[in-house]
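Please open the structure in your viewer and keep the selection panel at hand.

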Amino acid sequence: MKLTGLRALVVVMSSIALLSVIGLGANLESIASNELVPEISAAAGMALADSYAATMTEAELEALAVDGRTIGLRTAASGALAILYRDKTEDEIMAILKGDADPMIRAAAIEPAQVYLVSVTSDDEDFKLTDYLKDIAINGETHEMRLAAAKAYYFMSRKSLKAADLEEQAVTNDSDELAYAAGETLSGFYLSFNPKTQAELEDLAINGSSEGLRVAGEIALSSLLIKSDLTALDFETTLLSIAGTKSAEYRGAYKIALANRYAQ
Amino acid sequence: MKKTVLVLLGLLLVFSALAIAQGYETMPADAKIIPLGQADTPYADAQPGVRGGIFYCATISNPKKWNDVTAHETSTTQYTGLMLEGLISTNPVTVAIEPELAKSWDVSEDGLTITFHLRQGLKWSDGEPFTADDVIFSFNDLYLNEDVETDTRDILVLPDDSYPVVTKIDDYTVQVTTSVVFRPILNSMGANILPKHALAQYVHKLNPDVPVGTFNSAWGLDTDPSELVGMGPFIVESYTPDQNVIMRRNPYYYHYDPNGVQLPYFDKYVVLTVASQDVSLLKFRNGELDALGIRAADVPILKSEEAQKDFTVLVNPDLPNYGTSWIGINEDIGLAEGTHDNERALFRTRDFRAALAHLVDKQAIIDSLFNGLAVPQWSPVSYLSPFYAGRDYYGGPVTEKDAVIFEYSLDKAAELLDGIGIVDRDGDGWRDYEDGTRVEIELNTNAGNTVREGVCLIVADRAAKIGLKLNFVPVDFNTLVNKLFASTGELIVLGLTGGPEPNNGANVYKSDGGLHFWHYSAADNPTEVEKKIDELLNAGVSTLDNDKAFEIYKEYQITLAKDDLGLVYTVNSAFTYAYYNKLGNGNLSSPVATPGGGGLADICYFK
C-alpha cells in the first residue's frame with residue numbers, strides 16, 4: 001500500500017488538494033477520519049472493515065456507524081458490523097433490517113440476511129420463494145429490507161436470467177430496490193457472457209438512463225479497474241479530479257477499486 | 001480413589017496424545033515427494049506452500065458413516081477419501097496412475113501377477129506402523145469377504161467371475177494374482193487400505209466373538225472420532241450434525257513438498273453443512289468458504305464480485321466435466337406387451353437413430369442453455385479419460401481427428417428419414433409410417449431439470465421442422481427411472497456419470513449389462529454391432545498395454561457412436577469452480593481434483 005506521492009499533484013491541483021489529506025504518508029485510519037473527498041474516505045473505510053471487525057465490539061461499531069465523524073469511519077464500522085452480523089440469528093437480522101436503527105446499521109444486515117432469505121420455506125403448496133422475495137422487495141418496511149429481498153430475488157432467479165431482460169428490469173421495475181438489484185446482477189453478465197469494453201462501461205456508469213444501469217456500469221467497471229495495472233495513487237488522482245462531478249456510480253467504481261488497493 | 005485414577009488416566013491420555021501429535025521425527029525414506037513447482041512435472045504450475053490455517057468448504061449433506069468400505073455415497077466418501085489412501089492413486093493433474101502406499105510394482109510377463117512393493121517406515125495416524133498386513137486385511141478380510149457389504153467387490157470381479165488372490169510375501173511386499181489378464185486390476189487395487197489394528201475386532205472372520213456382519217456397522221457416526229485412523233492427509237476430529245465436520249492434519253501423513261515440509265499444509269479442513277447450494281454460494285460470496293464448485297448460472301453473480309473480493313472464477317468452456325448426457329432410444333418399446341410394433345421397428349433402424357442425431361442442435365443447446373459453457377459430446381467415454389477417442393494416442397492431446405460427428409442438419413435428417421420410408425403420406429405436414437399412421441413419439445426427461453427440459457424442447461422443435469412429431473412430456477424423476485428400467489419409455493433424455501476408465505461403463509454398454517436400458521433384450525439376442533462392442537470391451541480389459549487398450553477402446557467408441565447409436569449424445573457442461581486467491585495452488589483445480597472436492601486438499605495452502 002503506497003499512500004505517498006501526491007505532492008506533485010498537489011502542486012498542479014492546489015484547489016482540489018486543499019480538500020485532500022492523502023499523500024502525506026497517512027495511514028488508512030487517518031484517511032478514513034480526515035479525508036474530505038468522500039469516495040477516498042469511504043474507500044479507506046471499506047479497507048478497514050476487516051480489522052475493525054477483529055478489534056472492536058458490536059456496540060462500539062454500532063455507535064461508530066451512526067456517529068462516526070466521516071463517511072470513511074461510518075463505512076468502516078458498517079462493513080465490520082456486516083461481518084459480525086453473520087453470527088446473528090434470522091430473527092435478529094430481520095429485526096435489524098425492519099427496525100428503526102440508523103440506515104448504516106440496517107445496511108450492515110443486508111448481506112447476512114441473504115442466507116436466511118434464500119432458505120425460506122413454507123408448508124403452503126403454492127408457496128414460491130421468488131414471489132415471496134419479490135413481494136418483500138416491493139412492500140418491505142425499510143429500504144434496506146426491500147434491498148435485501150431484491151438481491152435475494154435476483155440471486156434465486158439467476159438460472160433463468162438473460163442480460164437483455166436485466167437491462168430492461170434495471171430501468172423499469174416494481175421497486176427502486178428491484179431495479180438496483182437487477183443492475184447489480186447485470187454487471188456480472190457484462191463481465192462474462194455479454195462482455196462490454198471499459199469505454200462502454202464508463203459511459204454506462206456516467207450516462208446510464210437509470211440508477212440500475214449505472215450501477216451495472218459501476219460494478220463491472222470497478223472490476224476492470226481492479227484488474228488493471230493502475231495503482232492506488234492513480235485511483236486517488238482520478239477521484240480528486242472528478243470530485244463532485246460525473247456520476248456517483250462512476251466515482252463509485254473508482255472508490256471500489258481504490259478500496260481494493262488499500263486492502264492489499 | 002476413583003477420582004485419582006481418573007485424573008491419572010486423563011494425564012496419561014494427554015501425554016499419549018501429545019506423543020502422537022509429534023509425527024515423524026524425520027522424513028521417512030519412502031515418503032512421497034510431491035514435486036510442487038518443479039519444471040517438467042505435472043506440478044510445474046504449482047508452488048510449495050507454508051503450513052497453517054483452516055480451510056473451509058461446504059456440503060449440503062451430512063455424512064452417513066465413517067466406514068469407507070461399506071459407503072455408497074459421496075456424503076461419506078468425501079471424508080473417508082481424505083482419511084484413507086490406496087496402493088495406487090491417480091495424479092490430480094494428469095489422471096495417470098501413480099504409486100501411493102505402494103512405492104512401485106512389477107507385473108509378470110504373462111500379466112497375471114502384480115507384485116506391490118510397499119513404502120516402508122510409514123505410520124497410521126495413531127502412530128501404529130503400516131505393513132502388508134493392512135493390505136491383506138483390506139482385500140481378503142474386507143473387500144473380498146462376503147460378510148462385508150461393499151461396492152468395491154464389484155470392481156474386483158474378473159471376466160471369469162473369479163477374484164484376485166492377494167498374498168503377503170513379506171511385511172512390505174504383496175502379490176496379487178489373477179486367473180486371467182484384467183487390465184483395470186491396477187485401478188481396482190487402488191481401493192483404500194484400512195487399518196487392521198483398529199478394525200479387525202469388528203470382522204467376524206477374525207474375531208468370532210462378534211456376529212457376522214458386525215463390520216458393516218463399524219465406524220458409524222456414533223464412533224468416537226478419536227478411534228478413527230487413517231493414512232490420508234486429514235482425520236475426522238469432530239462432527240456436529242447439520243453444522244460441520246472438522247478434520248485435523250494427520251501427523252503421520254507421508255506426503256512432503258520439495259522443501260521437505262510435511263503435507264498437508266492446512267492445520268484443519270472444515271466442511272460446513274448448509275441447507276442448499278444457494279446458501280453455499282452466498283457463504284462463498286461472504287468469504288466464509290475458501291472454495292466452491294459452481295454452475296454456469298452462478299458465473300455472472302460471482303464475476304461481478306471477483307475482482308473486488310479477490311477470488312477467481314475458473315471457467316473453461318473447453319474442459320468438460322466427467323459424465324455423459326444423451327437421448328436414449330428404446331429399441332425394446334412394447335416388446336414385452338406386444339405393442340408399439342411401428343415404433344419398435346423404427347427405433348431399431350439405425351438410420352432413424354442417425355436422423356435423430358442430426359436433429360440435435362448442439363450449438364443452440366450450448367448457447368441457450370449453458371451460456372456457452374459446454375461442449376458437444378459424441379463418445380460414451382469421458383473427454384478427460386486418457387482413453388477418449390478424440391485423442392490420437394493414450395493420454396495424448398485431444399484433437400478430435402477421429403470424432404464421429406453427426407452435425408446438426410435438417411436436410412441430412414430428412415434424407416435419412418425419407419430413405420427408410422418415414423415420409424408424409426397424407427399431406428398434413430407430419431411424417432407417417434408405411435401403414436399411414438402418423439409417427440408420434442413421446443420424449444421424456446425429469447421434470448424440474450431446466451437444462452434437460454430445454455434440450456427436449458430444442459430437439460422437438462427441430463424435429464418438427466422436418467415433420468417429425470416429438471411430444472415432450474416431463475415426468476417425475478423416479479417415474480422416469482422406472483420407465484427406463486421397465487422399457488416403457490420411448491425417447492428419454494438423461495445422463496450417466498463417468499470417469500477415466502472405460503470399463504466402468506461395461507454395465508451400460510455390454511449387451512447383457514444391467515444398465516443396457518435401451519435394448520435389454522440384447523442380453524439374449526444381441527445385434528452384430530452389440531456383439532462387436534462386447535468383444536471390444538472384453539479385449540480392452542485383456543491387455544495390460546494401455547496403448548493397445550487405447551486402440552481397442554477407440555474402435556469401441558467409434559462403433560458405439562457411428563453404428564450402435566442406442567444413445568445419442570448431446571452436450572457436456574464445462575468445468576466451473578471458484579476459489580479465493582489467498583488459496584495457493586487453487587489454480588490446479590480441474591474436473592478431476594479441487595481443493596474442496598478432493599485431490600488437492602493436501603497441497604493447497606494459504607499464501
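**The whole chain**

Before selecting anything, bear in mind that this is a predicted model. Select chain B and colour by secondary structure, which comes to 17 helices and 23 strands. The radius of gyration of chain B is 27 Å, close to the 25 Å that the globule rule gives for 607 residues, so the chain is as compact as a globular protein of that length. If you turn the view along the principal axes, the C-alpha atoms of chain B fill a box of roughly 100 × 60 × 50 Å.

**A sheet of four strands**

Next, select β2, β12, β10 and β9 of chain B, which in that order form an open sheet with mixed pairing. At the edges stand β2 (54–59) and β9 (234–240) of chain B, and each has a single partner strand, so one side of each is left without a neighbour in the sheet. Looking across this sheet, you will find neighbouring strands turned by 20 degrees against each other on average, with direction ignored. A residue pair to pick out here is B:A58 with its bridge partner in β12(B), B:L272.

**A sheet of five strands**

Now move to the open sheet in which five strands of chain B follow the order β18-β17-β19-β15-β20, again with mixed pairing. Its edge strands are β18 (469–475) and β20 (567–569) of chain B, each of which pairs on one side only. The twist of this sheet averages 30 degrees from one strand to the next. Within it, select residues 324–329 and 491–496 of chain B, which are β15 and β19, and you will have an antiparallel pair held over six bridges.

**A pair of helices**

Finally, select α16 (residues 528–541) and α17 (residues 546–564) of chain B, which pack at an angle of about 160 degrees with their axes 9 Å apart. Because angles over 145 degrees count as roughly antiparallel, that makes α16(B) roughly antiparallel to α17(B). The crossing of α16(B) past α17(B) is left-handed. To see the contact, show the side chains of residues including B:I533, B:L536 and B:L537 in α16(B), and B:I552, B:Y556 and B:L560 in α17(B). The residues of this contact divide into eleven nonpolar, two polar and five charged.

Definitions and conventions
Residues are numbered from 1 along each chain as its sequence is written. Chains are lettered from A and ligands numbered from 1 in the order in which they are written. This is a predicted model: local features need pLDDT of at least 70, side-chain atom pairs count only at pLDDT 80 or more; totals for chains, interfaces and linings use all residues. Side-chain values use heavy atoms; hydrogens and water are left out. Two strands pair if DSSP finds at least two bridges between them. Helices (H or I, at least four residues) and strands (E, at least two) are DSSP runs, numbered from the N terminus. Axes are lines fitted to C-alpha atoms, for helices over the stretch in contact, and angles run from 0 to 180 degrees between N-to-C directions. Angles under 35 degrees count as roughly parallel, over 145 as roughly antiparallel, 65 to 115 as roughly perpendicular and the rest as oblique. A crossing is left-handed if the near helix is turned anticlockwise from the far one by less than a right angle, and right-handed if clockwise. Contact means heavy atoms within 4.5 Å. Ala, Val, Leu, Ile, Met, Phe, Trp, Tyr, Cys and Pro count as nonpolar, Asp, Glu, Lys and Arg as charged, and the others, Gly among them, as polar. The radius of gyration is taken over C-alpha atoms; the globule rule is 2.2 Å times the number of residues to the power 0.38.
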